[in-house]
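Dear colleague,

I am handing over the structure we spoke about, and I would be glad if you could look through it alongside the notes below.

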Amino acid sequence: MSPAISSIPLDIVPKTGPRVSFELRFAVWCMTRILIQVNRSSDLRCIGHCLEFFQPKSVRYHSECQRELTDNSIFCDVKDIYFLAFPNDPLRNKFFVYGVYVLELVQTGIVAVTFFRAFGTGFGDYAFLDQIGPSWFSIPILSGLVAFLADIFYAYRISVLAESYWVAGSVVFLAITQLAGSIAQGVEMQQVGLFSGLLGTQFKVATAFWNGGSALCDVIIAVCMAFYLTRRGSELGMPSTQRLLRRVVTLIIGSGAATASIAILNFDVSDSDLDTMSIALDALIFATAWGHVLLAPYTKVEESFNLHATHDVLMYGVGRDNLHKYDHFTFPGAVPRTFIGSILLAWLSRPAIQVAALMGLYRDKSDLQIIVRLVLATLNALTLALIRRGASRRFGRTTGLFFTLLTCSQFHLPFWMGRTIPNMFATIPVNLVTYLLIDHAPNATRPSERKLTWAVALLTSTAAIIRAEVALLLAPLALQLLYSRQLPFSKLLKVGILSGIISAGMSILVDSYFWQQWPIWPEFTGIYFNVVQGKSSEWGVSPWHTYIASYLPKLLLASLPLSFIGLITDQRRIIPLLFPPACFVALISNLGHKEWRFVVYVVPLFNVAAARGARWMVSRRKNALLGRLAFLVACGLVVLNVAFTSLSTIASMKNYPGGEALLTFHQLYSESDISPAPHVHISNLAAQTGASLFLQLNSPPYYRVPGNPHSGYVTAEDWRYNKTENIPLAALSSSDNAFTHLISESPPSQLDGNIWKSVKTIKGFDRWSIDWELLLRGSKGGEKLDLMKRLNLRQILRLVESEKLWILERDEVTS
């Protein structure tokens, strides 16, 4: 999954000044070369993992060897890990791995010589730095060749895992495309001889094919390998193998995101005027959203209404005869919610499910949950890509680049935009409004009246149907439009009333039908319950400054300080942009009950302002210390985003014990191994942390794809899943309930040991723990450690887990 890293045209006579642009480009080029070597090591390590991941003994031996090497030094050599882990590997695999290693070794040597000439013998001589030298071979051709070999290997693995050649064929095609582009660029570099001569259209076309093919290939490989390995891992009952597969999936997605980002970065610094960079940036947004879905495929209680409503629409349809089977009649929640978003999501998911079935990706109901979440994530990612394009058009391409980097490196919005909470349905039209507001030419003073009309209509409809708090965002925007005379009062009033009546009427008609109550308007009911009656305080009351002091810093991360810089440096354009979200936060802070998801709609707007601030920082002259510091700070803030998001994502992957428990339960008991059919009780904690209806694999309803009789798995005897709450522990053991299994949040010691026996324990995330003794004193348990062990992040930072759920079985049940 290595990228094809393009050489960066270090033109001596750029538009922004010779010395400044040159230093910036050369610094990026040096940083890129370092990142290449890191990611090449990741590629080889992934290869070592994947070649034998179906062999448990080899996997365990590999883990032991890797642990032994990493304990001795944090700079362990990948070839040594591979040699110790897989001594009996076939000769062709050894030739492949060592061949890639030799190519990288040669490339590293040539790059080291080039660095010595640049910073040693030729230091300070810009004419000397303009010479391409052996870089025409080391950068494009060797990088493209290694990328081609790694991509072909992954294409082979995908064809084996998927038992299909569709995806593998597209990877091979893109791999050949990027290899051809890299060779073409290498040949042109060798003929020109100077970086300043790489300004023609032919060079830009070669760069586009090289980096575009590489970035798209990275995205496809990361998503597909993560999906197929996750699905194959669920078929294996060995916990050690599953843990290893999760590590491999994390490594693949992380390496793929890093290499794709480097390829996209090269687009920007190469001054390519083609639209390929725009496509690559959009692909990174989509890949980030999909990656979060695949890394954490389970859901929590906040998502249950819309998730189960989507499940019921898919399984039962919308006919009146099947409405009584819907889950919301059993678990209605505190207030009714609209079905409109779930109906649209279910209908949009049907074509995706058919495509997945044709490609062999649909196996059982758990795959449906992933597909549904991927569709929702795609819709949200599409709106973010539109905002990115609008920001690029209004503020410049660099602003669009930083918007993408800041958005993808944040945690909450990318992680949750594939989750079926009502707010993630509302972000789709709100993001479209953001796009309409910023998408106009740089010299234009305001959007067109038509765009503003659509913006008001969308916000009004969203507040009336999905989330009423969006009205608090509409109010300051409407006042701003009236004050600046961008929209006449009569038209604003007409659009607001008309769209409000139509939207409210639609919600009343649809939701009254599905709730079997007349009339019912979910958002009006929610306002009455939470605001008028003040019942939201039953879920907790926070101080007025919670959004400003706690939630916004967590949501925005580095975008918070950067947005202030953007506000100061471009007041004319950023103040009108941030006025509505700032007023929205101030207004909603008056409500006692506060959650981060109530203000998530403002994140893209602040990211646009932050990207504008980052652009100002990186465009400072680099011949001054302040300019260099500004460049480093802007890049460092993005790196800090990535570090925080990585830790949060790892923790979140371990934070769904209910889904993990139900999946483990199906692995422990297959249909042919147990009789009679199990009757399992799912505890409250398990139901709240992932045990959704989609994971009840062995009970109806089953989804069959039209025209595909082999889609969907149907058991011979239906299992029973019970989620009844507040059953006393003694009643669980009673013969009246006849439960054969429990997924219990109470430890086995609190239940009758003569009736129940523990089969499996499920752990979950507690906290991150820092070994301060090792970090500050360099010792552990009184033993002084060397510098290499002190720098080992795994020893300093440790994820702490505790037992959350227990899978219990009645003694008389035999497997």
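Predicted model: local features only at pLDDT ≥ 70, side-chain atom pairs only at ≥ 80, totals over all residues.

Residues are numbered from 1 along each chain as its sequence is written, and side-chain values use heavy atoms, with hydrogens and water left out.

The chain has 31 helices and seven strands, taken as DSSP runs (helices H or I, at least four residues; strands E, at least two) numbered from the N terminus. Of its 815 residues, 56% count as buried, that is, under 20% relative accessible area with a 1.4 Å probe, protein chains only.

Helix H7, residues 166–192, has 27 residues and reaches 39 Å from its first C-alpha to its last, close to the 39 Å expected at 1.5 Å a residue, where the expected span is 1.5 Å times one less than the number of residues. Glycine 193, which follows H7, has a positive phi, near 85°.

Helix H14 (residues 397–409) packs against helix H25 (residues 625–653) at an angle of about 25°, with their axes 8 Å apart. H14 is therefore roughly parallel to H25, a term that covers angles under 35 degrees. Where the two helices meet, Phe402, Leu405, Leu406 and Ser409 in H14 face Val638, Asn641, Val642 and Thr645 in H25, with contact meaning heavy atoms within 4.5 Å.

Note on methods:
Buried < 20%, exposed > 50% of the residue type's maximum accessible area, 1.4 Å probe, protein only. Axes fitted to C-alpha atoms, helices over the stretch in contact; angles between N-to-C directions. Parallel < 35°, antiparallel > 145°, perpendicular 65-115°, else oblique.
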